[in-house]
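Me: I would like a careful look at a single part of this model, with the terms spelled out as they come up.

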Amino acid sequence: MAVTMNKVLGEAFGPQTGAARAAKDVALVLGGIALLTLAAKIRVPMWPVPITMQTFAVLALGAGLGLRLGLVSVLGYLALGAAGFAVFTGEGAGLAYIAGPTGGFLAGFALAAAAMGLLARRGWDKTVLGMAGAMLIGTAIIYTVGLGWMAHLFAAEHGLAWVFEKGMLPFLPGDALKLVLAALVVPGLWKLAR
């Protein structure tokens, strides 16, 4: 069964070959890292926890830039944070921060961006329903890796219910809003690109 390979949004404009394409790719990756850093610092007041736009940016970048550039953007962002730059939500940074409770979620960002890139290559990012489905998959990847790491750190002492209560439940309302936003924005950008 043949799978149709579509362009991703980042390939729909600008140079398509040569040094100009390479320069565009570098600019997209650097822009992606900057967007992730900015998104991590945005805090929208909401109950029970404020929403940051970090996961929205991770998933939208994966869809918009594709597997290769989306993954490189997220890995570059994570490398900056590991090196001690305050790019994450709050002021935490460095290897100790990455090894802490949020480390699994950060690792999940890379896997989710890659998955979003693969799904976008198959055209999931061009429709509202397709993008919503891709966002659900990407979000599930982030939670799976993140909660797995939290369980490794805390389940023996606090139990699995505590891990879900602290690591997932408060964030579901915000993630639902981000899913709706991405499901509208990314297909909308495709309409503008055409």
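Is the crossing of α2 and α5 left-handed or right-handed? Please go on from there to the surroundings of α5.

Reply: The crossing of α2 and α5 is right-handed, where a crossing counts as right-handed if the near helix is turned clockwise from the far one by less than a right angle, and as left-handed if anticlockwise. The model is a predicted one, in which local features need pLDDT of at least 70 and side-chain atom pairs count only at pLDDT 80 or more, while totals for chains, interfaces and linings use all residues. Residues are numbered from 1 along each chain as its sequence is written, and side-chain values use heavy atoms, with hydrogens and water left out.

The elements are DSSP runs numbered from the N terminus, helices being H or I with at least four residues and strands E with at least two. The axes of α2 (54-82) and α5 (residues 128-158) come within 10 Å and cross at roughly 120 degrees; such axes are lines fitted to C-alpha atoms, for helices over the stretch in contact, with angles from 0 to 180 degrees between N-to-C directions. The two helices are therefore oblique to each other, given that angles under 35 degrees count as roughly parallel, over 145 as roughly antiparallel, 65 to 115 as roughly perpendicular and the rest as oblique.

Helix α4 (residues 103-121) also meets α5, with axes that come within 7 Å and cross at roughly 155 degrees, which makes α4 roughly antiparallel to α5. This crossing of α4 and α5 is right-handed, and the residues of the contact divide into 19 nonpolar, 5 polar and no charged. In these classes Ala, Val, Leu, Ile, Met, Phe, Trp, Tyr, Cys and Pro are nonpolar, Asp, Glu, Lys and Arg are charged, and the others, Gly among them, are polar.

As for α6 (160-167), its axis and that of α5 come within 8 Å and cross at roughly 135 degrees, which makes α5 oblique to α6. Here, too, α5 passes α6 in a right-handed crossing.

Helix α5 also gives the most to the lining of the largest pocket, with 5 residues. A pocket, on a 1 Å grid over the protein atoms alone, is an open set of points where a 1.4 Å probe fits, with protein on both sides within 12 Å along at least five of seven lines, and its lining residues have an atom within 4 Å of a point. The volume of the largest pocket is about 640 Å³, a volume being the space filled by probe spheres set on grid points joined across faces, edges and corners. Its lining has 33 residues, with Thr-52, Gln-54, Thr-55, Thr-89 and Phe-171 nearest the centre, and by class there are 21 nonpolar, 8 polar and 4 charged. At least two lining residues come from each of β2 (51-52), α2, α4, α5, α6 and α7 (172-193).

Helix α2 leads from there to the second largest pocket, to whose lining α2 gives the most, with 5 residues. That pocket has a volume of about 260 Å³ and is lined by 14 residues, Leu-9, Ala-60, Leu-61, Gly-64 and Leu-189 lying nearest its centre. The elements giving two or more residues to this lining are α1 (18-41), α2 and α7, and the lining residues divide into 12 nonpolar, 2 polar and no charged.
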